[in-house]
Amino acid sequence: MAPLPSTNLFTERISQYVSLPPSALNTPLPALCANVFSPLLLSYFAPARGIVLAYEDVKLSSRAPTSSKTGSTEDVESDDDEVMLRHVDEYAMPFIWATATFLVFRPTKNSHITARIVHSSKTHITLSYLNIFPVSVLAAQLPSGWSFEAGAAGEGEGVWKDAQGEAVEGDLSVRVVDFDGRTDGKSKGKGVRLEGSLVGEEEARGREKGKGKGKEREKARKGILKA
């Protein structure tokens with residue numbers, strides 16, 4: 001596993017023991033790329049512990065690749081070796097080891113990403129990360145000095161302004177609060193949900209405590225009214 005300059009991007013080499021359709025025996029490499037690796041793009045892949053953005057350097061081997069002392073995966077066969085497929089009893093498809101290097105987006109709680117605002121409303125703002133993944137920031141997670149100005153068309157859309165009265169737009173550094181993603185290989189980025197915040201951890205915790213105290217006071221007030 002090798003981290004890239006962004007703290008949420010990693011490269012990792014992963015091997016899979018997969019079946020090869022008989023119709024693809026003449027072209028095993030492109031067939032496995034199309035049937036095994038490409039469907040993983042922009043979906044959460046559990047062995048990589050993140051969302052696959054790209055893959056490269058696909059290698060096929062008869063035996064399981066070995067792991068070096070540094071933790072990287074080393075291919076067993078060289079490019080000149082013959083790769084033998086394995087048949088199991090009467091099962092029609094042979095099996096083979098396929099290894100590739102993945103570029104993985106692995107968001108972690110309280111890490112920061114740079115995303116661009118694409119939509120603003122009174123309840124939240126939506127940003128785009130890598131021009132692929134939507135990031136939602138609720139109004140409760142915006143700086144206290146910000147205010148919302150409704151647009152001429154209404155319908156809840158408008159623009160948020162900072163404490164100096166300047167419109168908030170363009171790229172922002174967002175703290176990741178939570179994320180979720182599909183694992184069926186069909187999301188194409190749409191099944192990935194990122195929740196973010198534009199306030200620090202301490203301020204966010206303070207706001208949560210304030211909400212809790214407010215709810216307790218409201219319960220006490222209702223109890224007095226009932227009495």
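The largest nonpolar core of this predicted model has 24 residues, and those with the most contacts inside it are Ile125, Leu127 and Phe133; a nonpolar core here is a set of buried Ala, Val, Leu, Ile, Met, Phe, Trp, Tyr and Cys residues joined through side-chain atoms within 4.5 Å, where buried means under 20% relative accessible area, exposed over 50% and partly exposed in between, with a 1.4 Å probe and protein chains only. The elements that give two or more residues to this core are the strands S4 (50-61), S8 (112-120), S9 (124-129), S10 (133-138) and S13 (171-180), helices (H or I, at least four residues) and strands (E, at least two) being DSSP runs numbered from the N terminus. At least three residues of this core come from each of domain 1 (9-65 + 80-105) and domain 2 (111-218), with bounds that come from an automatic or database domain assignment. A second, separate core of 19 residues includes Leu20, Ala24, Leu40 and Ala98.

Residues are numbered from 1 along each chain as its sequence is written, and side-chain values use heavy atoms, with hydrogens and water left out. Because the model is predicted, local features need pLDDT of at least 70 and side-chain atom pairs count only at pLDDT 80 or more, whereas totals for chains, interfaces and linings use all residues.

Leaving aside its neighbours within four places in sequence, Ile125 is in contact (heavy atoms within 4.5 Å) with Ile117, His119, Ser120, Val135, Ser136, Val137, Leu142, Trp160, Leu172 and Leu198.

Several of the strands named above belong to a barrel, which 5 strands close in the order S8-S9-S10-S14-S13 with mixed pairing; two strands pair if DSSP finds at least two bridges between them. Neighbouring strands of this sheet are turned against each other by 50 degrees on average, direction ignored, the axes being lines fitted to C-alpha atoms, for helices over the stretch in contact, and angles running from 0 to 180 degrees between N-to-C directions. Strands of a sheet pair through backbone hydrogen bonds, either parallel or antiparallel. S9 and S10 pair in the antiparallel sense over 6 bridges, and the bridge partner of Ser128 in S10 is Pro134. S10 then runs parallel to S14 (residues 193-197), to which 2 bridges join it, and Ser136 has Glu195 as its bridge partner in S14. Between S13 and S14, which run antiparallel, there are 5 bridges, and Phe179 stands opposite Leu194 in S14.

Arg175 is found in strand S13 and counts as buried because its relative accessible area is 7%. Not counting residues up to four places away in sequence, Arg175 touches Asn110, Ser111, His112, Gln141, Glu195, Gly196, Ser197, Val199, Gly200, Glu201 and Ala204. Arg175 and Lys109 are 66 residues apart in sequence, but 7.8 Å apart in space, C-alpha to C-alpha. Gln141, in the loop between S10 and strand S11 (147-150), likewise counts as buried, at 18% relative accessibility. With residues up to four places away again set aside, Gln141 touches Arg175, Gly196, Ser197, Leu198, Val199, Ala204 and Arg207.

Elsewhere in the chain, helix H1 (28-37) has Ala31, Leu32, Cys33, Val36 and Phe37 as its buried residues, and what covers them includes strand S2 (9-19), S4 and strand S7 (95-105).

Two loops hold backbone angles of interest. Most residues other than glycine have a negative phi. Leu42, in the loop between H1 and strand S3 (44-45), has a positive phi near 60 degrees, and this residue is buried, with a relative accessible area of 18%. Asn131, in the loop between S9 and S10, also has a positive phi near 60 degrees, but Asn131 is exposed, at a relative accessible area of 73%.

Taken over the whole protein chain, the secondary structure comes to 2 helices and 14 strands, and buried residues make up 33% of the 227 residues. Among contacts between residues at least 6 apart in sequence, 61% join residues at least 24 apart. The accessible surface comes to about 13,900 Å², of which 53% belongs to carbon and sulfur atoms, as calculated by the Shrake-Rupley method with a 1.4 Å probe, where for residues only the protein chains shown count as cover.
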